[in-house]
Amino acid sequence: LATASKQGPEDARRANRSLLLRALHHGGPTSRADLAKLTGLTPASVSSVVRDLLDQELVEELGTRVDGGVGKPATLVGIRPDSRYVVCLDLSEPEQFVAGLVDLTGKVVVRRSYARDERTGRRAETLVKRICHDLVADADRPLLGIGVASPGIVDDQGTVTTAAHLGWTDLDLGVRLSARASVPVHVVNDANAAALAELVFGAGEAQNLILVRVDEGVGAGLVLDGALFTGNRSAAGEIGHVVIEEHGEPCACGKRGCLETVVSEPLLGKRLGADGADEADVLGHAGSRLGVALSTVLGALDICDVVLSGPASVTSEAFRNATRDEIAARTMPNIADRLVVRPSTFGFDDVLIGAAALVLDRELGIH
Ligand SMILES: [Zn+2]
């Protein structure tokens, strides 16, 4: 919790602001004195930053609390949940784009969906621009920014390197949307968004987790030491084309037996709907194959918190138990004994809320 004293005064001020906002976000309303203890900042710094935050109406004073009966009652300071909204877009679903206004606590205040009608390329991009325009117009609060969660690989500049289902290659979506917006725009991969939702808004104190998102394909978001890990080329978590069945089904990528030939939303839907399908068998097999793919990752990184995001079949107990049992059978007790395989905290909204989490992280330093 050190201050950024070696940087310029603006950087230091921004870092201190993030420290305080983070403490208030995770700890709830707190007195200035306790904020100083929690963050290691001097009482004078805390007062000064809180004054700025009050001026910006990001925080509010919330009455008093008497601590231990000594001294005068302390005034509590808390984040104002509806002082800013985030415009959020989830582009990961095959049939529709989902959009919403989300407040600073991760609550979805307004939700809209837009039929995709199989739009790809420029037409999909035009629809995204229209959605942003609609939601900005809907907001009756100041906006913190726009967060977009896209399928595919997204670099840290907001360029969608590749999103096959949308027909996008090297699309500088962040730059294009920024050119028309009066607020900051941030773009992230959908699985990474859902992982950020757990980190920023989840109930647990998850500092290390892997979130596996199943939709048209399979992807994962990694949180390591309390931060999103994106890898060398922003492609961390791309586990869909790891081969898990050597003589398996052919895959669109040219190999055989990739994880995506066993686990994806359309495929599971088809298998569950087939004549004479045994639900427990289908989910058990798919869940255990995912466990095979995850075991080495979890063992290597010492992660025991696995979050599943996607359709009800994937978050079902049968699927999760199969994944857990497979991982437990393939890892050391340090993983197996503490292993949790759980559905994502925010259900179908996790990617949308994750887009808000991204903006809170980038604009306010809350993670
Ligand atoms: Zn493949």
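Here are a few friendly questions and answers about this structure.

Visitor: Which protein atoms are the donors of the zinc ion?
Guide: This is a predicted model, where local features need pLDDT of at least 70, side-chain atom pairs count only at pLDDT 80 or more, and totals for chains, interfaces and linings use all residues. Residues are numbered from 1 along each chain as its sequence is written, and side-chain values use heavy atoms, leaving out hydrogens and water. Donors are N, O and S atoms within 2.8 Å of the metal (3.2 Å for Na, K and Ca); water is not among the atoms, so sites may look incomplete. Lying 2.0 to 2.3 Å from the zinc ion, the protein donors are His241 (ND1), Cys251 (SG), Cys253 (SG) and Cys258 (SG).

Visitor: What spacing do the donors of the zinc ion follow along the chain?
Guide: The donors begin with His241 and include Cys251, Cys253 and Cys258. Along the chain, their spacing is H-x9-C-x1-C-x4-C.

Visitor: What arrangement do the 4 donor atoms around the zinc ion make?
Guide: Four donors count as tetrahedral if all angles lie between 85 and 135 degrees. Here the angles are 102 to 120 degrees, so the arrangement is tetrahedral.

Visitor: Is Cys258 buried or exposed?
Guide: Buried means under 20% relative accessible area, exposed over 50%, and partly exposed in between (1.4 Å probe, protein chains only). Cys258 has a relative accessible area of 0%, so Cys258 is buried.

Visitor: How is Cys251 classed, buried or exposed?
Guide: The relative accessibility of Cys251 is 13%. With that value, Cys251 counts as buried.

Conventions
Four donors count as tetrahedral if all angles lie between 85 and 135 degrees; four count as square planar and six as octahedral if opposite donors are over 155 degrees apart and all others between 65 and 115; anything else is irregular.
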